[in-house]
Amino acid sequence: MPFLPGFDERWRDAPDFIDCTLREIWTDRRLDRIAKVYAGDAVVHAGPGLLRGRDAIRAEAQSRLSAMPDIAFFPEETIWAQSGYKSVLAARRLWCRATHDGPGLYGAPTGRDISHRVMTDLWCRGNEIAEEWRVADTLAILNALGEPPDDWARRSVAAQGGPERCAPPLSPE
C-alpha cells in the first residue's frame, strides 16, 4: 500500500520518493527519468530563472552536467507533510560536490572543486514533482571558482540581453 494515494507502492514515504528520484536523475545520470518524475506542467523556480515543463528542466540539467560532469548531491535532511489527498510538500537540504570541468553558467572550465549547499521546496502530487523552488549557495560556488560575484552578475545580465531584457530577480518570468 502506498504511503499516500496516487504514489507508487515502492516508496516508503516522501523522503524515499524524493531521494530515489534525485539519485536516479543525478547519480545514475538518468535524465530520461525527468519525463517520469516531473509533471508535464512542472515549474521550477531557480536562481538562473523560471523553468516551465519537462523539456526546460531537462535542458537545465544537461547544462549543469555539462559544466560539472561529476556533480554529486548528498541529501542531509528532508521534512515533509501531506498537503492534500494525493500531494505532499517537502523541504530538503543537500550538500553538493562537483568539479568545474565544462563551460556553462559559471563561465569557462576552471578544473576547480566546488562544494556548496542547495535548498529545495517541492510540491509533489500523484507520483510527480509539480513545483520546485531551488536555492543554491551561488556565493560559495563563485568563491570556489575565484570569480568575483559582481563580475559574474554583470556577465549574467549581459548574457540575457542587458538590464532592459533580463528577467528581474524573483519575478514570474
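Author: From the N terminus on, the elements run α-α-β-β-α-β-β-β-β-α-α. That comes to five helices and six strands. The model is predicted, so local features need pLDDT of at least 70 and side-chain atom pairs pLDDT 80 or more, while totals for chains, interfaces and linings use all residues. Residues are numbered from 1 along each chain as its sequence is written, and side-chain values use heavy atoms, without hydrogens and water.

Reader: What makes a run of residues a helix or a strand here?

Author: Both are DSSP runs, numbered from the N terminus. A helix is H or I over at least four residues, and a strand is E over at least two. Strand 6, for example, covers residues 128-136.

Reader: How do you know that the radius of gyration agrees with a compact globule?

Author: The radius is taken over C-alpha atoms, and the globule rule is 2.2 Å times the number of residues to the power 0.38. For 173 residues a compact globule would have a radius near 16 Å; the chain has 17 Å, so the two agree. Along the principal axes, the C-alpha atoms fill a box of roughly 50 × 35 × 25 Å.

Reader: Why is T78 called buried?

Author: Buried means under 20% relative accessible area, exposed means over 50%, and partly exposed lies in between (1.4 Å probe, protein chains only). T78 has 18%, so T78 counts as buried. This residue lies in strand 3. Across the chain, buried residues make up 38% of the 173.

Reader: Which residues is T78 in contact with, leaving aside neighbours within four places in sequence?

Author: Contact means heavy atoms within 4.5 Å. By that rule T78 is in contact with P15, I18, D19, A90, A91 and R92.

Reader: Why does D70 count as partly exposed?

Author: D70 has 28% relative accessibility, so the label is partly exposed. D70 lies in the loop between helix 3 and strand 3. Beyond four places in sequence, D70 is in contact with R29, R97, A98 and T99.

Reader: What is the phi of R29?

Author: Phi of R29 is about 55°, a positive value although R29 is not a glycine. R29 lies in the loop between helix 1 and helix 2. Its relative accessibility is 31%, so R29 counts as partly exposed. N127 also has a positive phi, near 75°, and is a residue other than glycine. N127 sits in the loop between strand 5 and strand 6. With 25%, N127 is partly exposed.

Reader: What makes a set of residues a nonpolar core?

Author: The members are buried Ala, Val, Leu, Ile, Met, Phe, Trp, Tyr and Cys residues, joined through side-chain atoms within 4.5 Å. The largest such core has 42 residues; F7, W26, Y38, I71, F73 and C124 touch the most other members. Helix 1 gives the largest share, seven residues. In soluble globular proteins, nonpolar side chains tend to be buried together.

Reader: Which residues does W26 touch, not counting those up to four places away in sequence?

Author: W26 touches A61, R64, L65, I71 and F73.

Reader: How do you know that I129 is buried?

Author: I129 has a relative accessible area of 5%, so the residue is buried. I129 is in strand 6. Beyond four places in sequence, its contacts are F17, V37, Y38, A39, A42, L122, W123 and C124. The C-alpha atoms of I129 and V44 are 9.5 Å apart, and the two residues are 85 apart along the chain.

Reader: How many of the contacts join residues at least 24 apart?

Author: The share is 53%, among contacts between residues at least 6 apart in sequence.
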